[in-house]
Amino acid sequence: MTGAFGFGYALCQEMNNVLFNFKEQKRMLLYIINEISFMHKPMEEIFYSFGGRLKEPYASFALRIAEQMASRNGRTLCEIWHDEARLLQKSKECPKAAAAMLFRIGESLGYDGDKMQIDALRLIDAELSEEIENRTRENEDKCKLVRTLSVLAGLFCVVLLI
Amino acid sequence: MAVLKSDKLLSFFPENMRAEWERYGFDFNEVREVRLRVNQPVRVLCGKEIRLSMVYGERDMEEIFRYLCHDSVYAYEEERKQGYIMADGGHRIGITGELAAAENGRYIAKYIRYINIRFAHEHKRIAEGIIDYIYDAENGRPLNTLIISPPGLGKTTLLRDTIRLLSNGYKGFGGCNVGVVDERGEIAGAYRGSALLDCGERTDIITGGDKRQGISILVRTFAPRVIAIDEIGGEPDAQAIFYAGVSGCGVIATAHGGSLEDIRKKRELGGLFEKDIFKRFILLSADNALARCASIYDERGNELCGRKLLREYA
């Protein structure tokens, strides 16, 4: 019964993990948009300034990108972002759905005008908001269902064994 | 790990272009300019002009520009309208191509097709040969001085070293507060507001903005004894210098020109001569071997010092 309950709990955790990743990505986007709007800072500085304020793994993600940009190693922001996102995905810290969104954010960076850049990021931000809303609603229902089913499955096993 | 001299030069180019630059192995300290022109061979100025085999196309030029802007072109819009961007180390990168109208009657380079990377190099102690002429020992303050030269002869370098000497003090002269209005960040090699080249210990530097605004801030809040300005040219610059002069600050400035007469003839700067603002004029010139010399004149145009070789004293 404990095993079945544990399985249900793990499943709920995984669903919540995706939601957590989306929420952190949204916070990251808001920082970027605000820094561009008010301070006109270049990306490297933006990543340095908000890196420490995000939760892991995004704090390290942002700082690693900033460091690589500062080292002027010849690689573009798009390439650096892509590689770092891939590393995050491989480390399992970022679920598949969240990693896909992270790649999309990377693709929307590098516009010439600040307005164009902000609009591109706002588009992703809107998608993220929608995704967060849907997942929050679904997660509540699904978690309830999963927990109930896992308890029932556990009880069924107990009855079967008796 | 030691940084190779050529690594600094490579840092101006994206990864896919670095192999060719690496092959040439330029000594960064020797390179003064790199000129990139669309569909033309790259030329490097390091004592003499060297023609390289690389030819960059339109896409390459855009890629280089984007890389120079740290993939944040939007953050460099103001500089782009002025035709240059600054790189870490105070290196000025001139950009141009097809211009498009922007707001307030200004223009912005829409297609970047020509890039001129001018490397800022620090030459300390070159002003030691001229400092005695621009210092009023009686009153214990520097005289208002204008450094005049055609482009590329080291006006800014001389100005920077003069600032350093005035700020730190030299021989019998005690140092004083020096305010620098560095619109383009060239004097101090300023990058994101921080001076990367040595301008002395008592120097406050304002980067960006305009000269009038910069002088006003310095006079009101930083009590400078001397204000240094690079490349004056227009009427507003003359007014800004006049304001600094009447505020009791000494002024050291530079201007483009081949002779004293060139400057006198400039309508915008003529007023400064009429009001006798400048007490010393330093005229820079170069001989055939590109060695830089300075001649010094007083406010009446009398020569105080003939062509004197500007060199870094050991």
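This is a predicted model: local features need pLDDT of at least 70, side-chain atom pairs count only at pLDDT 80 or more; totals for chains, interfaces and linings use all residues.
Q: Where is B:T156 placed, and what is B:T156 in contact with?
A: B:T156 belongs to helix α5 (residues 155-168) of chain B. Leaving aside neighbours within four places in sequence, B:T156 is in contact with B:E186, B:I187 and B:D230.

Q: What makes B:T96 buried, exposed or partly exposed?
A: Buried needs a value under 20%, and exposed needs one over 50%. B:T96 has 37% relative accessibility, which lies in between, so B:T96 counts as partly exposed.

Q: Where does B:T96 lie, and which residues is B:T96 in contact with?
A: B:T96 is in strand β5 (residues 91-101) of chain B. Neighbours within four places in sequence aside, B:T96 is in contact with B:A109, B:Y111, B:I112, B:R113 and B:Y114.

Q: How far apart are the C-alpha atoms of B:T96 and B:E186?
A: The separation is 19 Å. Along the chain, these two are 90 residues apart.

Q: What makes B:E186 and B:R92 a salt bridge?
A: The rule asks for a side-chain nitrogen of Lys or Arg within 4 Å of a carboxyl oxygen of Asp or Glu. In B:E186 and B:R92, the closest N and O atoms are 3.3 Å apart. That is within 4 Å, so the pair counts as a salt bridge.

Q: Which domains does chain B have?
A: The domain assignment gives domain 1 (9-118) and domain 2 (126-309) of chain B. Their C-alpha centres lie 29 Å apart.

Q: How do you know that domain 1 and domain 2 of chain B touch?
A: Contact means heavy atoms within 4.5 Å. By that rule, 12 residues of domain 1 of chain B are in contact with 12 residues of domain 2 of chain B. The area buried between them is about 940 Å², and carbon and sulfur atoms give 46% of that. On the domain 1 side, B:M86, B:D88 and B:R92 supply 39% of the buried area, more than any other three residues.

Q: How many salt bridges and polar contacts are found between domain 1 and domain 2 of chain B?
A: The count is one salt bridge. The rule also finds one residue pair in polar contact. On the side of domain 1 that touches domain 2, strand β4 (residues 84-87) of chain B gives the largest share, three residues. The residues of that side divide into four nonpolar, four polar and four charged.

Q: How many residues take part where chain B meets chain A?
A: Chain B gives 18 residues and chain A gives 22 residues. Between them the chains bury about 1700 Å², with 44% of it on carbon and sulfur atoms.

Q: Why is the pair A:D112 and B:R66 called a salt bridge?
A: The cut-off is 4 Å, from a side-chain nitrogen of Lys or Arg to a carboxyl oxygen of Asp or Glu. For A:D112 and B:R66, the N to O value is 2.7 Å, so the pair passes. Across the interface of chain B and chain A, the rule finds one salt bridge. It also finds 12 residue pairs in polar contact there.

Q: Which elements of chain B give two or more residues to the side that touches chain A?
A: They are α2 (15-24), α3 (58-68) and α4 (77-82) of chain B. The largest share, three residues, comes from α3(B). The residues of this side of chain B divide into eight nonpolar, three polar and seven charged.

Technical notes
Residues are numbered from 1 along each chain as its sequence is written. Chains are lettered from A and ligands numbered from 1 in the order in which they are written. Side-chain values use heavy atoms; hydrogens and water are left out. Domain bounds come from an automatic or database domain assignment. Buried area is the accessible area (1.4 Å probe) that two parts lose on being put together, summed over both. A polar contact is a pair of N or O atoms within 3.5 Å; within protein, one must be able to donate a hydrogen and the other to accept it, and residues adjacent in sequence count only if both atoms are side-chain atoms. Helices (H or I, at least four residues) and strands (E, at least two) are DSSP runs, numbered from the N terminus. Ala, Val, Leu, Ile, Met, Phe, Trp, Tyr, Cys and Pro count as nonpolar, Asp, Glu, Lys and Arg as charged, and the others, Gly among them, as polar. Buried means under 20% relative accessible area, exposed over 50%, partly exposed in between (1.4 Å probe, protein chains only).
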